[in-house]
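Please keep the sequence and the 3D view at hand while reading.

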Amino acid sequence: MGSVPGAFLQTLLVLSAQSWGAALAGSPYHCEEPLVSTLPSSSFSSSSELSSSHSPSFARLNRRDGAGGWTPLVSNKNQWLQIDLGERVEVTAVATQGGYGSSDWVTSYILMFSDSGRNWKQYWREDSISGFLGNANADSVVQHRLWPPLEARHLRFLPVAWNPDSRIGMRVEAYGCAHRSEVIDFDGESSLLYRFIQNTRSPGTDIISLKFKTLQSDGILFHRDGQNGNCITLELVKGKLILFINSGNATQPSPPGQGGLALGSLLDDGHWHTVRLECSGQGLNLTVDRHSRPIWAPAELCHADLDPEISFGGILAPGKPMVFPRKNFRGCLENINFNGEDVIGLAKQQGPQILVTGTVAFACAHPQTVPATFLSAQSHLALPGSPGADAASVSFQFRTWNRAGLLLSWGTRPGSGGFFLALQDGRLHVGPRASPGQAQSGARTGVGLNDGQWHSVSVTSTWGHLSVMVDDDVASTVHTTVPVGVHPGDAYHFGGCPAHGSGSDCSRSLGPLGGFQGCLRLISIDGQEVDLISVQQGAVGNFSDLLIDTCGILDRCLPNYCEHEGTCSQTWTAFHCDCSSTGYTGATCHRSLYEPSCEAYKHLGHASGFYNIDPDGSGPLKPFQAFCNMTDVPWTVLQHNGSALTRVKGASLENPHRAVFQYTASAEQLLASVDRARHCQQELELHCRRSRLQDPRDGTALSWWAGRANETHTYWGGSFPGAHQCACGLERDCLDPQYGCNCDADRDEWTSDVGVLSHREHLPVTQIVITDADRPGSEAAYKLGPLQCQGDGSFWNSASFHTEASYLHFPTFHGELSADVSFFFKTTASSGVFLENLGITDFISLELRSPAEVAFSFDVGNGPCELTVQSPTPLSDNRWHLVRAERNVKEALLQVDLLPPSTRQAPEDGHRLLQLNSQLFVEISAYFGTGSSVTYNFQEYHSPSTNASSHAASFQGETTLTQETIAFSFRTVQAPSLLLYVDSFYKEYLSVILAKNEPGGHVDAETARAGARGFSGCLSALQFQRVAPLKAALLPGRSGRASVRGPVARSSCGAGEDAARERTHARAEYPGPVDEGEPIAGETRGDSAVIGGVIAVVMFFLLCLAAIAVRLYQQRNLYTPKEAPPESHGTNEAVLRRELSVQNAARGTQKEYFV
């Protein structure tokens, strides 16, 4: 939310959060059998072992064999423990222990899985992209649920951290159950057509589900054709799934790569991915792995418009030509299911509903590649060349998100020349290595090579000549010359500069260019493919900071954490949000650039004009533009497309005149603004000549208007819901007393019903319908004014705390991924807690740490994090101060008033979800002595307004208070007294009896007696509507509207007396409720206190502690709000206006009202 500094509220607290979903707690069914304990010793392997008694076969949970667990020869991050589960199974949980009876344990680890024991993939948890927490001792068991479960045959545990005073030690277990698998292998030229059996087709929803894995980035998964060009196609395009939907007149699906809904990323990684497509009358819903997205589609698309057949692996449509041929799928599909039917099972049985073209196999045996992950800019791989060759060549494939990084350098011996191959701005740059201080030269090729896709590079070198080709595109080939010092047989260095030897020279020659971060595979030197497993085992070359046999690339923009349509971009280690043109700012485009209301703009000192309004702040609604009329209480003015006076003729029930109004804001934005406002109104003019609003015979409505939800209403301006009247009907001054509206008199001359619609729950007006304008001499005219709203209910909410143990509690604060908190406070206490919410381990807290320091602390699973802001002057000065805190997956921010904000970056690979389970407590209090407050809500009103009939030429709009609040606190020993008196022009008044005042002479005897007694005591925090009379009278620069009689002086009303007690609030060291108001055992009460004062949170909380007699008489407060400058309309309205004004002037004015 936008900030609103200033001392004008009692206080404000705004809590907003965006939840992007939470991880589920466990498996939805029973699948928790131990999988490791019964395996033979041959199922266990490892990178190394300290001794035969520390071998991996002793790594079973709770076993004491051998040395009591697995321990590698050297404790470093290159070690791993691997388990072959015998077959592909479903794994729902893992558990670890340290080495039995030792000080060897692992404190964190990474879990990887594979089907074949090659091309490993890391298991990413929903709330974190880091590893798993391990053990704190040798014997306790730490278990982690896996949701969603994984399916694999091989598991690998990679220790990341361990007991710093000892070694790595592990015992493990995995839990799960058997996995049913029916697979079919497509070779890129085959496909399968499945025709429905009638009784398998669900009349409500069609569901297609399957799993796939492939190393190819493109190919058709399935296609469903239909009539008149209707079809649905799910296709893999550049590693993403694209759902193409054609409905209507199109003769063919969209060309590949054009249009469609994209979901998923990096799906060509050779691992299984889950797909589910639901098609029903409500549209389609596509799920890929953990991500789902609904898609609109015609209700009849799924059934009536599509043929009863689906092709898998390609588009198999006999007799139907394809204008845009697609690439067939090459890879494996598993468990294809359509509405409960096992399609692969039918294919195995060669059922009549299955047609197969090409060659398919019912086993998945694709060759696996061995990739290598360069984890950091210092990652390095050195491989030997082939000595004695006349020429040298090297080829490889890479994928990355980084725009720059050194891929390959050659000829690094001291004094030699050499060349480099690097990414710069997403292009390949090849050239000779420059001496330190020299500019790089060479050639560039390729574009956008940092898109996360696999790209191939081929480098060929002869004496003094170098050529490079990208993605097997001959047109991309570039040539350059290199120093003669490059010799065949020199070592090839992939990634960063070598850590030894000439590494420093290499670093200086490459300048700011860092090492490559990403994945390499299919490395070939002089025509011979490099065996990276041999490299891993130390038989060939050397490496550092490398993960071999896995590609650890991660799409950090899936899901997209950039809010409000911010654009996500990424590097290997982080994502970034471009918030330009969104109307929001911050690391994730969370904070709105605009204020939530005209009320907020006014208190920032802005004048009347057009402003962008964001009624829900950081919520999902976009900002919109509105006119702010900065009167004493500002008005928000929203125009529409029908503001001109419109004449209607010839309308009937069979052929009604219907006007539909489109506003400058959407329906959702209007609803949010109206609901936020205290009062809204819209003026509606009706002019009629022999045009009635209702049928006199049976009361049937002949004209009506529709509200915010297109609901029909037959009450008119100045009236109230259900009245079926106009303003004159309420005032009993209609032209004909037997009717409730002037128009219903059905006269031959023009009459008018003009008034203000003010029932907020029905506004704005969205339609006006007129049907009685087809009789001879019958016509009507109408004009709808702009929607005008006043006040801000969220802006003025407040709460007061008067006792030592005062607090407010709310439901759990849900801000898993992003949340912001803002409020005003004032206090004289030196410290205290503003708000607090606890989870099992997570928490969030805001507190006044000292008189000049505010602290914002939280924990989302990465350990406690704290931000503080130091003020140069005390914050306990009994003045208003603004606090704004925000936490999202990228950063945390704390700002106090206009001081520089404090920020803290979140760890890129840490936990992201803030998971809380207790109530949110707002705990701010201090002792004020005996005090009381009064709140009196006025009755709802519907204000009659301008009436332009012959009986009233002018009628100033008047307003009655609606849901307004009078609030104050006082202390006294005298009763009775008159505390508050409100008088009106019409001798109607309100009195609150218990202080001295001098009411007018028309009061009742009881009020007069109370006023005569006088008042002695303290009155504070007086607020009438939005006016603070005591501030106006006593603060410097006294308002001309306020006057003081007798000895009246400013006072703290006991708030700062020595009698005020303070208490210390301590955060619980364990989850669960805390007894409020009681000291924690073992703790002492100090001088620090939970803040005293007033803090605004969501609604008025005013404590009533004294006996008060209240007498209320209806008050009239007449006003005419100023509007935006009127628009200039055409000559038709001018002619009609002159006609109406001449007629009304002839009748004169019968009644006037004054404020």
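1. How many bridges pair strand E50 with E51, and in which sense, parallel or antiparallel? The model is a predicted one. In it, E50 (residues 703–706) and E51 are joined by two bridges and run antiparallel. Within this pair, Ala706 faces Thr712 of E51.

2. Now place that pair in its sheet. The sheet is open and has four strands, in the order E48-E53-E50-E51, with antiparallel pairing.

3. Next, the cores. The largest nonpolar core contains 40 residues. Those with the most contacts inside it are Ile613, Phe661, Trp716, Val765, Ile768, Tyr782 and Leu787. Several elements supply at least two residues each, among them helix H4 (598–603), helix H5 (667–676), strand E44 (609–613) and strand E53 (767–770). Strand E49 (679–689) is also one of these contributors. E49 gives the largest share of this core, four residues. As a general rule, nonpolar side chains tend to be buried together in soluble globular proteins.

4. Look at Trp716 in detail. Setting aside residues up to four places away in sequence, Trp716 touches Leu684, Leu686, Leu693, Ser703, Trp704, Trp705, Gln725, Cys726, Cys741 and Leu757. There is also a second, separate core, with 38 residues. Leu236, Leu277, Val288 and Val343 are included in that second core.

5. Strand E60 deserves a stop. Is E60 (residues 843–850) largely enclosed or left open by the rest of the structure? Six of its eight residues are buried, so E60 is largely enclosed.

6. Who are the partners of E60? On one hand, strand E59 (residues 832–838) pairs with E60 in the antiparallel sense, over six bridges. Leu838 has Phe843 of E60 as its bridge partner. The link from E59 to E60 is a hairpin through four residues. On the other hand, E60 is joined to strand E61 (residues 853–859) by seven bridges, and these strands run antiparallel. Here Glu847 is opposite Ala855 of E61. E60 and E61 also make a hairpin, with two residues between them.

7. Check Cys364. This residue sits in the loop between strand E24 (360–361) and strand E25 (372–374). Its relative accessibility is 28%, so Cys364 counts as partly exposed. Cys332 is 32 residues away along the chain, yet the two C-alpha atoms are separated by 6.0 Å. Neighbours within four places aside, Cys364 is in contact with Val183, Asp185, Lys213, Trp272 and Cys332.

8. Turn to charge pairs. How many salt bridges does a search of the whole structure find? The count is 32. One of them joins Lys121 and Asp269, with the closest N and O atoms 3.2 Å apart. Lys121 is in strand E6 (residues 121–122), and Asp269 is in the loop between strand E16 (261–263) and strand E17 (273–280), so this pair ties together parts 148 residues apart in sequence. Asp269 has 16% relative accessibility and counts as buried.

9. A further salt bridge joins the side chains of Lys348 and Glu182, at 2.5 Å from N to O. Lys348 belongs to helix H1 (residues 343–348) and Glu182 to the loop between strand E9 (171–178) and strand E10 (183–187), so parts 166 residues apart in sequence are tied together. Lys348 is partly exposed at 40% relative accessible area, whereas Glu182 counts as buried at 17%.

10. Arg195 and Glu309 make another salt bridge, their closest N and O atoms being 3.4 Å apart. This pair also links distant parts of the chain: Arg195 is in strand E11 (residues 191–195) and Glu309 in strand E20 (residues 309–312), 114 residues apart. Arg195 is partly exposed, with 35% relative accessible area. Glu309, at 18% relative accessibility, counts as buried.

11. Last, a network. Salt bridges link Arg88, Asp115, Lys213 and Glu334.

Technical notes:
Residues are numbered from 1 along each chain as its sequence is written. This is a predicted model: local features need pLDDT of at least 70, side-chain atom pairs count only at pLDDT 80 or more; totals for chains, interfaces and linings use all residues. Side-chain values use heavy atoms; hydrogens and water are left out. A nonpolar core is a set of buried Ala, Val, Leu, Ile, Met, Phe, Trp, Tyr and Cys residues joined through side-chain atoms within 4.5 Å. Buried means under 20% relative accessible area, exposed over 50%, partly exposed in between (1.4 Å probe, protein chains only). Contact means heavy atoms within 4.5 Å. Two strands pair if DSSP finds at least two bridges between them. A salt bridge is a side-chain nitrogen of Lys or Arg within 4 Å of a carboxyl oxygen of Asp or Glu.
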